[in-house]
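I opened a notebook page for this chain.

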Amino acid sequence: AGWRGKMAARSNGPAVEEAVGSEGQCPPRASHMLEKLLNKSMRVRMTDGRILVGLFLCTDRDCNVILGSAQEYLKPTDCVVQGEPRVLGLAMIPGHHVVSIEVESDSAASRPYP
């Protein structure tokens with residue numbers, strides 16, 4: 001239940017997956033892919049249903065993710081209607097709480113969420 005060991009990036013095409021080595025070392029191709037994702041707008045889905053949207057700043061071997069200029073969107077429930085996002089600023093998401101990560105395309109970043 002999580003993405004530990006894999007990262008899915010979606011832009012205008014199909015999902016791209018890169019496996020991270022068992023020793024926590026990224027193969028050169030995976031490192032290059034992560035470098036290309038720096039400062040891109042990312043959508044991170046968490047195990048509790050929340051979604052964080054922000055700029056991808058870094059990650060580590062434990063799959064923790066740092067987002068800059070992050071906004072939090074709560075999971076809509078029957079009694080709570082999803083309203084405006086909560087501005088978080090700099091946010092650290094523990095790797096074991098990450099369900100998926102998506103790269104937001106330019107057109108998706110300009111339209112209101114979701």
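Entry one: hairpins. I began with S3 and S4, which form a hairpin with four residues between them. In that turn, Gly49 has a positive phi of about 95°. I noted where the strand names come from: strands (E, at least two residues) are DSSP runs, numbered from the N terminus. I also noted that this is a predicted model, where local features need pLDDT of at least 70, side-chain atom pairs count only at pLDDT 80 or more, and totals for chains, interfaces and linings use all residues. Residues are numbered from 1 along each chain as its sequence is written, and side-chain values use heavy atoms, with hydrogens and water left out.

How many bridges join S3 to S4? I found five, and the two strands run antiparallel. Two strands pair if DSSP finds at least two bridges between them. Arg45 stands opposite Ile51 in S4.

Next I followed S4 into S5. These strands also form a hairpin, with five residues between them. Cys63 sits in the turn and has a positive phi of about 70°. Seven bridges join S4 to S5, and the strands run antiparallel. Cys58 has Ile66 in S5 as its bridge partner.

Entry two: salt bridges. I kept a general point in mind: side chains of opposite charge can pair when their charged atoms come close. My rule was a side-chain nitrogen of Lys or Arg within 4 Å of a carboxyl oxygen of Asp or Glu. By that rule I counted five salt bridges.

I looked up Asp48 and Arg50. They form a salt bridge, with the closest N and O atoms 2.7 Å apart. The cut-offs are under 20% relative accessible area for buried, over 50% for exposed, and partly exposed in between (1.4 Å probe, protein chains only).

Arg50 has another partner. Glu72 forms a salt bridge with Arg50, and here the closest N and O atoms are 2.8 Å apart. This pair links distant parts of the chain, 22 residues apart. Glu72 is in strand S5 (residues 65–73), and Arg50 is in the loop between strand S3 (41–46) and strand S4 (51–59).

Which residue meets Glu72 in a salt bridge at 2.7 Å, N to O? I found Arg86. Arg86 lies in strand S6 (residues 86–93) and Glu72 in strand S5, so the pair ties together parts that are 14 residues apart in sequence. Salt bridges that share partners join Asp48, Arg50, Glu72 and Arg86 into one network.

Glu72 counts as buried, at 4% relative accessibility. I listed its contacts (heavy atoms within 4.5 Å). Leaving aside neighbours within four places in sequence, Glu72 touches Arg50, Ile51, Leu52, Pro85, Arg86 and Leu88.

Leu55, Leu57 and Leu90 form a nonpolar patch on the surface, with about 260 Å² of accessible area together. Areas come from the Shrake-Rupley method with a 1.4 Å probe; for residues, only the protein chains shown count as cover. Patch residues have over 30% relative accessible area and no salt bridge; like charges are joined within 9 Å, and nonpolar side chains (Val, Leu, Ile, Met, Phe, Trp, Tyr) within 5 Å. I checked Leu57, which is found in strand S4. Leu57 is partly exposed, at 35% relative accessibility.
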